[in-house]
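Let's take a friendly walk through a fold, one question at a time. Have the viewer open and follow along.

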Amino acid sequence: MITASSGARAMPTFTPVYLGGAAALATAAVAGSPRVDRDDVFVPGIEALAEGEIRVTILGSGQPWLTKAAATGSVLVEIGNAQREVMVFDLGSGSLANFSGLQVPATALKKVFFTHLHTDHISDYLTLTGSCVKAGRLDPVEVWGGSSNKPSRGIAAFVEHIQAALAWDFVGIAGNILASGAGATATEVPYGRTEVICDRNGVTITSFPVIHVLNGAIGFRVDFAGQSAVSSGETTPTMPFVEVAQGCDLLIHETVLPPKAFAEVMGLPIELAQCIVNDGHTPAAAGIVFDMVRPAMAAMWHCHVTEGDIDPVFAAVAGTYSRVVALCQDLTVFNVTPGAVGVHQATVDPMQQAILGPSDTGRKIGPRVPTPEWWKASAIDWQSKISCAERALAAYAPHAAGSRHGERRPHTRRARETRPPPRVRHDRVERRRDGHRNRPRNRRPVPCACRVRTRHHG
Ligand SMILES: [Zn+2]
Ligand SMILES: [Zn+2]
């Protein structure tokens, strides 16, 4: 059980999830005085979102080089308001697989905020609009992201071009499934100044500029019911970030391994590693920013979590920051509640499918695109062959559940298991004394156009 603590304690032994660890990687499991105790392990569907809570779950914690252990950049925020709003900050590769595991309704995910448009932060946006719609998402997505000094690099152009690039997918699903969830609208956020960009249902989102590669990279602060969480996106230590983050409860800052460790993990020359790391967002640098803000809980994100580097990362950040700090993995969960921020680690069913909830959009299927002419001549008529095979089966086990022609047979494992065993028709297997089978009684020849050789063809 998590115990209260207001400061750092002796370094625990850190074991990452992919090596069997179950607890979050943090110098303390809670900062402040929580009103409820929480287990070390977060089990989806068990721990309800509390009134007034901001629950932050890391959907993607890793680097652009995707691994089984870590999806790429994405942070989920659930709001404990009446609407139980859900929003996501970035959608990197693999992040929606983690989202499904959390059993949060996919229909509730309608707000997407992009910190910047590096591929490791946007890849699963295609999954959300192109694939989750096939799971039953009905509402269009609202997208916020940075403008840029060149319009072609802003979020509006990105959304428009992704919609155009997915034409094959979106045109194809029209008429087959409910395609409204594939739609998206974009709102550009000023890249050069801090601004409140969304204020609804008691939730205020503020964006601020950060220094990362090009104009258009931003970070976000979420305020709700007196609680707050800030995500830097990717940035070198930046003053607007420090200013906006003042007084926040949870501060998530991009952190990268120091160049030497980075070079060893990636197998890169030290010069190239130095260039990528850019010396700005190492654990020591993140600690300097944490100390300028002094949040209830600080978190390092977007960092390699490799077995040999965890202790050095915590040691490095301890050199510049002495309060509670966590190192994010996929599915690290932060509970931001009045008077306390807790951290624990979710465990999910890897086969959990996306679940659905209510939608604002009605169910309306559009017209279907005509199928190409050449398909008629080229398609294999498998359905009539299946039909013939089923009729053949019915002829030999006519009382098996659902075996009559035209009746849907049970396909689920449970249905198959509960189906009564087929009754053996001895008249089908009796043989005449001369060795020939009896002709089945009470059975008319079944006309069939297929070429499948089955017993009913005689
Ligand atoms: Zn980036
Ligand atoms: Zn990134």
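**Sheet, helices and core**

In this predicted model, strand E14 (residues 250-254) and strand E15 (residues 297-301) run parallel to each other and are joined by five bridges.

Q: Which residue in E15 does Leu 250 stand opposite?
A: Strands E14 and E15 pair in the parallel sense. Looking across to E15, the residue facing Leu 250 is Met 297.

Q: Which strands stand at the edges of the open sheet?
A: The open sheet has eight strands with mixed pairing, in the order E1-E16-E15-E14-E13-E12-E11-E10. A strand with a single partner has one side left without a neighbour in the sheet, so the edges are E1 (25-26) and E10.

Q: What is the count of buried residues in strand E10?
A: To be buried, a residue needs 20 or more other C-beta atoms within 10 Å of its own. Strand E10 covers residues 195-200 and is hardly covered. Among its six residues, the count of buried ones is zero.

Q: Which residue in the hairpin of E10 and E11 takes a positive phi?
A: E10 runs antiparallel to strand E11 (residues 203-209), with five bridges joining them, and Val 196 stands opposite Thr 206 in E11. The hairpin has two residues between the strands. The positive phi, near 50°, belongs to Asn 201.

Q: What angle does the direction of helix H8 make with that of E14?
A: Helix H8 (residues 283-293) packs on the sheet, where it touches E14, E15 and strand E16 (325-327). Comparing the direction of H8 with that of E14 gives about 150°.

Q: Across which strands does helix H9 lie?
A: Helix H9 spans residues 310-318 and runs at about 150° to E16. The strands it lies across are E1, E15 and E16.

Q: How many residues of the contact of H6 with H7 are nonpolar?
A: Helix H6 (residues 259-266) packs on helix H7 (residues 270-277) at about 115°, with the axes 8 Å apart. Phe 262 and Met 266 are among the H6 residues that meet H7, whose side includes Ile 270 and Val 277. The contact has one polar residue and one charged residue, and the nonpolar ones number eight.

Q: How many residues are in the largest nonpolar core?
A: Met 297 has contacts beyond its sequence neighbours, including Ala 31, Phe 334 and Val 343. Met 297 and Leu 250 are among the members that touch the most others. The number of residues in this core is 107.

Notes
Residues numbered from 1 in each chain as written. Chains lettered and ligands numbered in written order. Predicted model: local features only at pLDDT ≥ 70, side-chain atom pairs only at ≥ 80, totals over all residues. Core = buried A, V, L, I, M, F, W, Y, C linked by C-beta atoms within 7 Å. Buried ≥ 20, exposed ≤ 12 C-beta atoms within 10 Å, placed from the backbone. Contact = placed C-beta atoms within 7 Å. Helix = DSSP H or I, 4+ residues; strand = E, 2+ residues; numbered from the N terminus. Pairing = 2+ DSSP bridges. Axes fitted to C-alpha atoms, helices over the stretch in contact; angles between N-to-C directions. Nonpolar A, V, L, I, M, F, W, Y, C, P; charged D, E, K, R; others polar. Lists of a residue's contacts leave out its neighbours within four places in sequence.
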